[in-house]
Amino acid sequence: MTSLATRGDAASVLLMLLAEHGDITQPDQFEVCEYESETGEPDWGVCLIVRDSLGRFEQWRHALDLDPSWIDYSSCPHGACLRAGGEYENVPVELFAVADFPGQ
């Protein structure tokens with residue numbers, strides 16, 4: 001990460017992302033989130049959550065230009081859980097997907 005983002009930076013990026021990518025169905029949940037940076041200082045970023053659509057997760061991953069080799073997969077009580085992270089306009093962005101396994 002090159003710099004720490006402020007809450008205002010993250011809020012601006014979130015609004016910009018939703019406006020620029022209006023052709024993609026919006027995430028089910030989105031927010032400005034605070035977390036600890038690698039240096040231990042508080043940092044702000046954007047979290048986007050997509051439920052029940054791994055295809056929509058991929059659309060957002062591509063739109064945000066998040067490296068596909070950095071996708072984390074885990075099995076969770078809900079089924080398949082994916083996470084991709086990166087930066088957009090120097091603001092940290094995390095994209096999550098949760099999809100139920102058929103029959104559960």
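## Strand pairing around β5

Ala 80 has Ala 99 of strand β5 as its bridge partner.

Strand β4, residues 79-88, pairs with β5 in the antiparallel sense, over nine bridges. The two strands form a hairpin with two residues between them. Within that turn, Glu 89 adopts a positive phi of about 55 degrees.

Strand β5, residues 91-99, also pairs with strand β2, residues 42-51. Here the sense is parallel and the pairing extends over six bridges. Val 46 has Val 93 in β5 as its bridge partner.

| Pairing | Sense | Bridges |
|---|---|---|
| β4 (residues 79-88) with β5 | antiparallel | nine bridges |
| β2 (residues 42-51) with β5 (residues 91-99) | parallel | six bridges |

Helix α1 spans residues 7-20 and contains Ala 11. Ala 11 counts as partly exposed because its relative accessibility is 30%, which lies between the limits of 20% for buried and 50% for exposed. Between Ala 11 and Ala 97 there are 86 residues of separation in sequence, and the C-alpha to C-alpha distance is 21 Å.

As to confidence, the protein chain has a mean pLDDT of 86, with 92% of its residues at 70 or more. Confidence is highest in α1, at 94, and lowest in strand β3 (residues 72-76), at a mean of 80. Where pLDDT is low, predicted coordinates should not be read in detail.

Notes: Residues numbered from 1 in each chain as written. Predicted model: local features only at pLDDT ≥ 70, side-chain atom pairs only at ≥ 80, totals over all residues. Heavy atoms only, no water. Helix = DSSP H or I, 4+ residues; strand = E, 2+ residues; numbered from the N terminus. Buried < 20%, exposed > 50% of the residue type's maximum accessible area, 1.4 Å probe, protein only. Pairing = 2+ DSSP bridges. pLDDT = per-residue confidence, 0-100.
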